[in-house]
Amino acid sequence: MKDSAMHDAYTGRDIYDGLQWVTHELIYHYDGDGRDYFDEHYVDKNLSKRPYAYDITLTEEKNEIATLTFTVTKDNPYYGKFAIKRTKIGVTDVNDTLFFGYVSEIALNFDGSKTIMAKSILGLLEESEVTLRPKSHYLTDMTDDIIANGAPILYTAISNIESPSGDSALGVPTFNYGKVTMLLGKKVDLSDSGTVIGTRWNIIQTYLTDEYDGYLQLRYETNGEAVLFFVIDYLLEPPSTNNQEVRYGLNMLNLTLTQTLPTNLVNCVRTDKLVSSSKGWWIFKQVTTDFVGGAAEDSASVQKFGYHTKWLVTDEGNTEAELNKLCQEELNKYPHDVEPELDVEAIDLADVGGYRVGRLELLGKTHVISEPHGIDGWYVCTKVVNTIDQPDRKEFHFGFTPKKLSDQQKATEKKAKEGKLSLRGVLAHLNG
């Protein structure tokens with residue numbers, strides 16, 4: 001790969017913002033009929049049906065850096081050429097890029113095979129540090145007025161990554177600022193924190209995804225086939241909807257529903273404080289102090305599970321009514337009931353002939369229906385384990401829409417535990 005230094009009118013982006021293949025070799029190809037082979041254009045025809053790569057697993061998870069692992073035998077023409085950081089690897093489905101990254105680990109196995117691990121190009125954000133000055137920073141806004149007074153934290157974290165000079169295989173792309181709907185207008189005050197130093201990825205996690213959740217998404221754009229661009233979106237809502245249902249009696253093979261009390265369950269919040277008051281004037285003035293208390297509770301939750309009480313310490317409010325309101329606001333930040341956890345085995349119908357449906361994709365909202373279990377709802381795909389050479393072993397994990405998305409402005413809220421829905425594609429059950 002190399003950086004390109006031309007301008008492309010097709011996308012409207014400068015080509016140097018992306019990467020372009022100079023040379024590339026095909027190390028695995030799957031055509032959907034169970035055969036894995038090298039394309040005849042790349043290797044000797046006599047070798048075209050031999051499996052040169054296996055145990056190919058692409059793991060993608062919400063707000064995490066994707067990884068690709070696979071094993072190659074000595075027969076693979078690229079066997080001795082894999083190099084950490086210098087070798088770039090892409091996975092495509094027809095014309096869509098599913099993954100682009102670089103080799104991060106090479107393991108030589110006892111039988112002489114090599115297991116290769118590659119990180120998504122987002123892994124570059126783990127490799128250099130940035131600083132945040134002790135002042136107030138916008139989190140995501142990119143208006144001209146804001147940029148003039150300092151870039152937002154998200155932009156700081158993804159921009160101006162240094163790249164080696166010259167025609168280097170280590171060429172680093174620009175991460176383009178994409179669609180951002182999270183935390184618009186939200187700021188964080190670091191005036192009392194001193195200069196904050198951290199890796200780019202750690203900054204994103206600390207001030208954005210771990211604090212407010214949302215959907216951080218890497219998108220791949222192309223100008224045809226020559227240049228690949230990397231676009232980062234940060235979204236309030238899931239970016240897509242899977243048009244394939246997971247339904248009992250169709251593609252759902254098994255389901256387990258487990259109910260547990262969340263570790264952060266709170267159904268009662270109390271507080272009190274010493275409040276001073278005065279009466280009279282001048283030398284006749286009398287000052288008295290007294291404790292004023294406030295409380296809020298979810299009575300139904302208390303009846304079910306007993307008291308799970310949190311004590312609120314606050315400098316705000318001086319009357320019982322004011323303290324009651326503060327307690328209620330604090331109570332609203334926590335779950336009050338059991339959280340269901342679902343485990344489902346299912347089939348991705350996109351891997352089965354005769355069904356005109358899209359694939360189950362990461363961050364896609366999916367309709368899950370099981371009438372015998374009383375389940376009928378929409379869940380967000382939070383993890384995909386794509387076993388590329390064994391599609392019958394795919395796994396899909398789904399979570400409930402994060403509760404925090406209903407109120408993005410509460411900086412003190414911690415990341416709520418999401419329910420999980422685990423899906424495994426088991427083609428054997430359908431194909432007999």
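Guide: Helix 3 is mostly covered, with 10 of its 13 residues buried. Buried means under 20% relative accessible area, exposed over 50%, and partly exposed in between (1.4 Å probe, protein chains only). Helices (H or I, at least four residues) and strands (E, at least two) are DSSP runs, numbered from the N terminus.

Visitor: What kind of model is it, and how are residues numbered?

Guide: This is a predicted model, in which local features need pLDDT of at least 70 and side-chain atom pairs count only at pLDDT 80 or more, while totals for chains, interfaces and linings use all residues. Residues are numbered from 1 along each chain as its sequence is written, and side-chain values use heavy atoms, with hydrogens and water left out.

Visitor: Where is the kink in helix 3 centred?

Guide: The kink is centred on Thr206 and amounts to about 40 degrees. The bend at a residue is the angle between axes fitted to the seven residues ending there and the seven starting there.

Visitor: And what about the span of helix 3?

Guide: The end C-alpha atoms of helix 3 are 17 Å apart, which agrees with the 18 Å that 13 residues should span at 1.5 Å a residue. The expected span is 1.5 Å times one less than the number of residues.

Visitor: What follows helix 3?

Guide: Asp213 follows helix 3, and its phi is positive, near 65 degrees. Asp213 also forms a salt bridge with Lys62, with the closest N and O atoms 2.5 Å apart. This pair links distant parts of the chain: Asp213 is in the loop between helix 3 and strand 13, Lys62 is in the loop between strand 3 and strand 4, and 151 residues separate them. A salt bridge here is a side-chain nitrogen of Lys or Arg within 4 Å of a carboxyl oxygen of Asp or Glu.

Visitor: Is Asp213 buried or exposed? And Lys62, buried or exposed?

Guide: Asp213 is buried, at a relative accessible area of 1%, and Lys62 is buried as well, at 9%.

Visitor: Why can such side chains pair?

Guide: Side chains of opposite charge can pair when their charged atoms come close.

Visitor: How many salt bridges does the rule count?

Guide: The count comes to 10 salt bridges. One of them joins Glu245 and Arg247 at 2.9 Å, N to O; Glu245 is partly exposed at 29%, and Arg247 is also partly exposed at 29%. Another joins Lys310 and Glu330 at 4.0 Å. That pair links strand 20, which holds Lys310, to helix 5, which holds Glu330, 20 residues apart. Lys310 is partly exposed at 26%, whereas Glu330 is buried at 11%. Salt bridges that share partners also join Arg219, Glu221 and Asp233 into one network.

Visitor: Turning to backbone angles, which residue other than glycine has a positive phi?

Guide: Asn63 is one of them, with phi near 60 degrees. Asn63 lies in the loop between strand 3 and strand 4 and is buried at 5%. Asn160 has a positive phi of about 60 degrees too, but Asn160 is exposed at 65%.
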